Amino acid sequence: MDLKYLHTAILELLSDRPSEVGARLKQRLNRTLLNAGLPAFDEKQLGYRKFTEFLVAELGEHLIVEKPAEGGDIQITLKHPSVAAFAALAGQNDTAHSSSAKPLPVRLIRGDIWQAFTHLNEHRKRYLDRASGKVLHFLDSEATNVALVAETPERFVEIPRVDADTQLSWMQQFLAISSFPSAEAATLAQLLEQPYSSQLSVLFGRALGKRQPEWKRYRAERVTEVVQNWAGEHEIPLSPLFTFKIGRSEEAAEVVSSAPLGQLSPRDQAQKLLALMTEQEIVSIAIPALLGCVLANSRL
């Protein structure tokens, strides 16, 4: 297992809970690893007899590891209780291994958490189970789950749905603050005159071409803000809501090799957008938009 990943994960876990007992920290670390599809942590595989030895040897510069005088489990404290410690370690590792180091782990919102906040079905209820840390999804017509939540309200925290208008506004805000050529901006703005849907979101990303990673990062920041505000309001630890991905993020990896829309004529821009769409997207988005424009112009 990559040591840099472990260093980052441990410091990230301590960033929102700067002092922790050893057994609980290891339990939280294993949950993070398992959520990321990795095996549980075993210090013996890295040549250490105990978790304490691993922490002192690998992270002694950033952590205080103390054994209580009265006995019991070790207490681990972050020397600098802020994300600055996490950033400092990342920077040092990048400097020391700039030519051969693997990319830093990328922190991402868990997939089930992301879907719970962004899925548009207003009849689907979503709750975080405090006991298991898992998301409970069910339709509002499912009496068994409705009763389960009603009977144990202290166990379940409702996850609010980010509505379509808000998600559409994120796209419009991104377009407004980004420096697009005027022709390309006009084409994208016209696209966003449609009601928000998952199909529109996919099409908007495709139409951005090489700028798509910027949009994905912007959207991820907005969703992260919503998740963090909700977690703070309900006193839910942040770390279990996130996972790690080793290597480049999906946003960084997705690069479209086609020319930007702004370099094309309006007719070519339209043809490019149609080429990016599926048959269903043409039927549900493109044709209604074109008909709307034709009808509006015919009334002038």
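Predicted model: local features only at pLDDT ≥ 70, side-chain atom pairs only at ≥ 80, totals over all residues.

**A strand and its surroundings**

Modeller: Side chains alternate along strand E3, residues 75-78. Ile-76 and Leu-78 point to one face and are buried.

E3 has partners. Strand E1, residues 19-21, pairs with E3 in the antiparallel sense, over three bridges. Within that pairing, Ser-19 stands opposite Thr-77. Strand E2, residues 63-66, also runs antiparallel to E3, and four bridges join the two. Here Gln-75 is the bridge partner of Glu-66.

Leu-78 belongs to a separate core of 20 residues. Ala-9, Phe-41 and Phe-51 are among the other members. In soluble globular proteins, nonpolar side chains tend to be buried together.

Next, follow the chain from E1 into helix H2. E1 covers residues 19-21, and H2 covers residues 22-35. H2 has 14 residues and reaches 20 Å from its first C-alpha to its last. That is close to the 20 Å expected at 1.5 Å a residue. Its buried residues are Gly-22, Leu-25, Arg-28, Leu-29, Asn-30, Thr-32 and Leu-33. An α-helix has 3.6 residues a turn, so residues three or four places apart point the same way.

Glu-20, Arg-24 and Arg-28 form a network of salt bridges. In the Glu-20 to Arg-24 bridge, the closest N and O atoms are 2.9 Å apart. Arg-24 is partly exposed, at 42% relative accessibility. Arg-28 is buried, at 7%.

Arg-28 lies in H2. Which residues does Arg-28 contact, leaving aside neighbours within four places in sequence? They are Leu-13, Asp-16, Arg-17, Glu-20 and Ser-239. Note Ser-239 in that list.

The structure holds 10 salt bridges. Another joins the side chains of Glu-158 and Lys-125, at 3.2 Å from N to O. This pair links distant parts of the chain, 33 residues apart. Glu-158 sits in strand E7, residues 156-158, and Lys-125 in strand E5, residues 124-129. Glu-158 is partly exposed, at 40% relative accessibility. Lys-125 is partly exposed as well, at 25%. One more bridge runs between the side chains of Arg-211 and Glu-214, at 2.8 Å. Arg-211 is partly exposed, with a relative accessible area of 21%. Glu-214 is also partly exposed, at 31%.

Glu-158 leads on to Trp-230. Not counting residues up to four places away in sequence, Trp-230 touches Glu-158, Phe-117, Leu-128, Val-157, Ile-159, Pro-160, Ile-236 and Leu-241.

Trp-230 is also a way into the largest nonpolar core, which has 33 residues. Trp-230 is one of the residues with the most contacts inside this core. H10 supplies the largest share, six residues.

Ser-201 gives a view of H9, which covers residues 198-207. Ser-201 is buried, with a relative accessible area of 13%. The cut-off for buried is under 20%. Leaving aside neighbours within four places in sequence, Ser-201 is in contact with Met-171, Tyr-196 and Arg-219.

Last, the whole protein. It has 13 helices and eight strands. Buried residues make up 36% of its 300 residues. Take contacts between residues at least 6 apart in sequence: 64% of them join residues at least 24 apart. The protein exposes about 16400 Å², and carbon and sulfur atoms supply 54% of that.

Back to your strand. E3 pairs antiparallel with E1 and with E2.

Terms used
Residues numbered from 1 in each chain as written. Heavy atoms only, no water. Buried < 20%, exposed > 50% of the residue type's maximum accessible area, 1.4 Å probe, protein only. Contact = heavy atoms within 4.5 Å. Core = buried A, V, L, I, M, F, W, Y, C linked by side-chain atoms within 4.5 Å. Expected span 1.5 Å × (residues − 1). Salt bridge = Lys/Arg side-chain N within 4 Å of Asp/Glu carboxyl O. Areas by Shrake-Rupley, 256 points an atom, 1.4 Å probe, with all protein chains shown as cover. Pairing = 2+ DSSP bridges.
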